[in-house]
Amino acid sequence: MAREMLHLHAGFHKTGSTAIQNYLFDNDVDSRFHYFHSGIPNSSLIIKQAFKNDLANHQGFRKQNLSPKKKSDIRARARARIEKIVRDIDRPHTILSAESLGILTAEEIAQVCEYFSRYYRDMRVYIYIRPLKSRVESAFQEKLKTRYSSLEEKFRISFEKSIGSFDQIFGRDHVKVSKFSREGFPGGSVINHFLNQIGIESELSGQSEANTSLSLPAIQLLYVYRKFFPDQHKDDDKRLHKLELLSGDPLHFHSELFNELLIAPEGDSNWLEHRAGFSATEDIRAHDNAAIKSEQELTSIPADSIEWLRQRQPNLLSRLRFRRGNLPSIARGVRRLA
């Protein structure tokens with residue numbers, strides 16, 4: 001028998017998705033609601049496995065050389081796992097949260113809709129949008145955490161394409177688009193806002209940061225490290241935890257650099273404003289006096305950062321090898337943080 005309602009949270013980039021997922025995973029918020037999960041708070045992987053057509057091109061699968069049969073087997077197992085989880089749910093409302101919903105094509109979103117409509121009478125989609133410039137700055141940082149991302153790598157964004165696909169498939173009245181703004185959320189918490197949207201009263205105060213942003217000095221060191229060690233490594237989490245301790249101003253792209261990096265269809269921001277009732281644009285010149293303009297500036301490591309890195313080397317010999325401006329030695333120093 002079909003359940004009553006599926007609430008799909010499509011976790012667009014850096015909009016508090018991890019905080020929402022962790023809270024719902026750890027708390028039974030309402031007797032009417034069940035939080036869908038496969039043992040971890042985030043359902044991105046199982047949704048990607050079940051519905052992404054080009055799975056072999058995505059992080060975690062690129063090096064596996066997946067054959068067509070292997071991809072088919074992964075999809076079949078993921079869908080069987082989803083079916084088992086759903087069939088065991090005995091509450092009228094289900095919440096499913098996954099960032100990978102936000103990267104699906106229109107064809108893949110249609111597959112999601114068709115699949116879950118077997119089990120639910122109705123479905124709703126919830127999307128949060130972060131202002132464009134801070135989104136690009138944050139996306140650049142998140143890429144660096146897993147792989148090398150050149151400062152010349154473009155960011156392609158189309159609200160009309162991504163949100164419009166959900167509108168077309170689920171129906172515009174079934175897709176709620178909100179601006180990610182802590183100042184506008186009850187208690188400053190996106191968790192409150194999301195729960196209130198789906199019909200659960202919540203009055204949490206504040207919100208813990210699940211994904212910590214690095215300072216500009218830390219990002220500079222990370223960028224140099226990635227230039228010489230571009231691939232993901234098993235000890236990267238340890239390095240990132242150490243880099244989180246390096247304080248400093250946040251990363252900002254100069255307005256000229258931002259305009260070079262962002263590729264968006266003409267009129268896309270106007271489309272979003274008309275569709276959602278808010279603007280995703282911002283004052284892109286607000287931090288130009290202390291913003292990064294080029295790769296040269298990003299790799300010009302300050303003396304304070306060199307000293308911070310030197311003090312965290314395992315022995316005297318490795319400390320003596322450091323030279324400001326010697327990028328290979330700096331990259332090796334960041335590698336040794338783990």
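Two strands count as paired if DSSP finds at least two bridges between them. In this predicted model, His7 stands opposite Ile95 in strand E3, and 6 bridges join E1 to E3, which run parallel. These strands belong to an open sheet of 5 strands with the order E2-E3-E1-E4-E6 and parallel pairing.

**Sheet**

- Strand E2 (33-35) and E6 stand at the edges with a single partner strand each, so one side of each has no neighbour in the sheet.
- On average, neighbouring strands of the sheet are turned by 20 degrees against each other, direction ignored.
- E1 and E4 pair in the parallel sense over 7 bridges, and Leu8 stands opposite Val125 in E4.
- E2 and E3 are also paired in the parallel sense, over 3 bridges; the bridge partner of Phe33 in E3 is His93.

**Strand E3**

- E3 is mostly covered, with 6 of its 6 residues buried.
- His93, Ile95 and Ser97 point one way from E3, while Thr94, Leu96 and Ala98 point the other way; all are buried.

**Helices on the sheet**

- E1 and E4, which are joined in the parallel sense over 7 bridges, are both touched by H4, which packs on the sheet and also touches strand E3 (93-98).
- The direction of H4 makes about 145 degrees with that of E4.
- H6 packs on the sheet as well, touching E1, E4 and E6, and its direction makes about 165 degrees with that of E4.

**Helix H6**

- H6 (residues 159-170) has 12 residues and reaches 16 Å from its first C-alpha to its last, close to the 16 Å expected at 1.5 Å a residue.
- Its buried residues are Phe159, Ile163, Gly164, Ser165, Phe166, Asp167 and Phe170.
- Gly171 follows H6 and has a positive phi, near 95 degrees.

**Helix pair H3 and H4**

- Helix H3 (residues 68-87) packs with H4 at an angle of about 40 degrees, the axes being 12 Å apart.
- That angle makes H3 oblique to H4.
- The crossing of H3 and H4 is right-handed.
- On the H3 side the contact is made by Arg75, Arg79, Ile82, Glu83 and Val86; on the H4 side it is made by Gln111, Tyr115 and Phe116.

Notes: Residues numbered from 1 in each chain as written. Predicted model: local features only at pLDDT ≥ 70, side-chain atom pairs only at ≥ 80, totals over all residues. Heavy atoms only, no water. Helix = DSSP H or I, 4+ residues; strand = E, 2+ residues; numbered from the N terminus. Expected span 1.5 Å × (residues − 1). Buried < 20%, exposed > 50% of the residue type's maximum accessible area, 1.4 Å probe, protein only. Axes fitted to C-alpha atoms, helices over the stretch in contact; angles between N-to-C directions. Contact = heavy atoms within 4.5 Å. Parallel < 35°, antiparallel > 145°, perpendicular 65-115°, else oblique. Left-handed = near helix turned anticlockwise from the far one by under 90°.
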